Amino acid sequence: MTINLKKLSIFALVLLALFKLYLVQWQFSFHHLLVPPSPDLTAHLEMIDGVINAIKDHKLSLSVLSGYQPLFKLIIGYIAVIFSKDSLTVIKAIAPYWLIITIPPFYYLVKKMYNWQIAFWATAVFVIVSSNPLLNFADAQYPDILGYNLVAPLYLIAFINLLKNGKRLRNYLFYFTLLILLFLSHYLVVALMILVSV
């Protein structure tokens with residue numbers, strides 16, 4: 001019986017991610033945090049509430065989404081409307097999971113650039129030594145995490161696919177979709193990813 005090391009490594013990363021999630025949950029409960037202790041959170045909530053009201057009134061427009069990081073506002077706004085919750089409740093519910101969703105894109109980006117062995121070790125280190133969750137949330141960095149840690153790696157994967165197989169229509173669609181999401185997620189990450197792409 002041969003052991004499939006690739007599948008075993010993915011299983012190990014899943015266990016590591018679950019342990020990371022436990023640590024995040026523990027820190028939030030141990031410190032009795034409902035949300036990150038940041039004045040920026042108030043500004044986020046005000047903007048999201050405006051989006052929620054626009055969705056409910058069927059008046060969602062570019063003017064409502066203009067300003068700071070519209071993708072984050074849209075995600076939280078639609079979740080709040082779908083589940084009939086307020087923005088604060090939604091953010092409290094997703095906060096512990098916000099770091100965990102960044103692990104798969106990181107793994108697949110490294111795998112795309114190198115191979116699954118390097119992706120395994122790089123991701124394991126990323127999960128183990130990545131910033132303390134409380135530090136990541138100290139400035140209510142939800143849009144930053146969405147832009148830098150989730151959309152940016154997916155954009156780079158799309159960019160690599162485009163360079164390798166540019167003749168395929170789906171690669172162009174994948175790339176331009178991620179480019180649009182990049183612009184919607186975080187303004188500073190756009191400049192960084194353009195520099196990286198060049």
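This report describes a helix pair and the nonpolar cores of one predicted model.

Residues are numbered from 1 along each chain as its sequence is written. Because the model is predicted, local features need pLDDT of at least 70 and side-chain atom pairs count only at pLDDT 80 or more, while totals for chains, interfaces and linings use all residues; side-chain values use heavy atoms, without hydrogens or water.

**The helix pair**

Helices here are DSSP runs (H or I, at least four residues), numbered from the N terminus. The axes of helix 6 (residues 103-113) and helix 9 (residues 142-164) come within 9 Å and cross at roughly 25 degrees; axes are lines fitted to C-alpha atoms over the stretch in contact, with angles from 0 to 180 degrees between N-to-C directions. The two helices are therefore roughly parallel to each other, a term for angles under 35 degrees. The table lists the residues that make the contact (heavy atoms within 4.5 Å).

| Helix | Residues in the contact |
|---|---|
| Helix 6 | Pro-105, Phe-106, Tyr-108, Leu-109, Lys-112, Met-113 |
| Helix 9 | Asn-149, Leu-150, Pro-153, Leu-154, Leu-156, Ile-157, Ile-160, Asn-161, Lys-164 |

**The nonpolar cores**

A nonpolar core is a set of buried Ala, Val, Leu, Ile, Met, Phe, Trp, Tyr and Cys residues joined through side-chain atoms within 4.5 Å, where buried means under 20% relative accessible area with a 1.4 Å probe, protein chains only. The largest such core has 37 residues, of which Phe-72, Ile-91, Tyr-155 and Leu-182 touch the most other members. Helix 9 gives the most to this core, with 13 residues. Apart from this core lies another, of six residues, including Leu-13 and Tyr-107.

Key
Angles under 35 degrees count as roughly parallel, over 145 as roughly antiparallel, 65 to 115 as roughly perpendicular and the rest as oblique. Buried means under 20% relative accessible area, exposed over 50%, partly exposed in between (1.4 Å probe, protein chains only).
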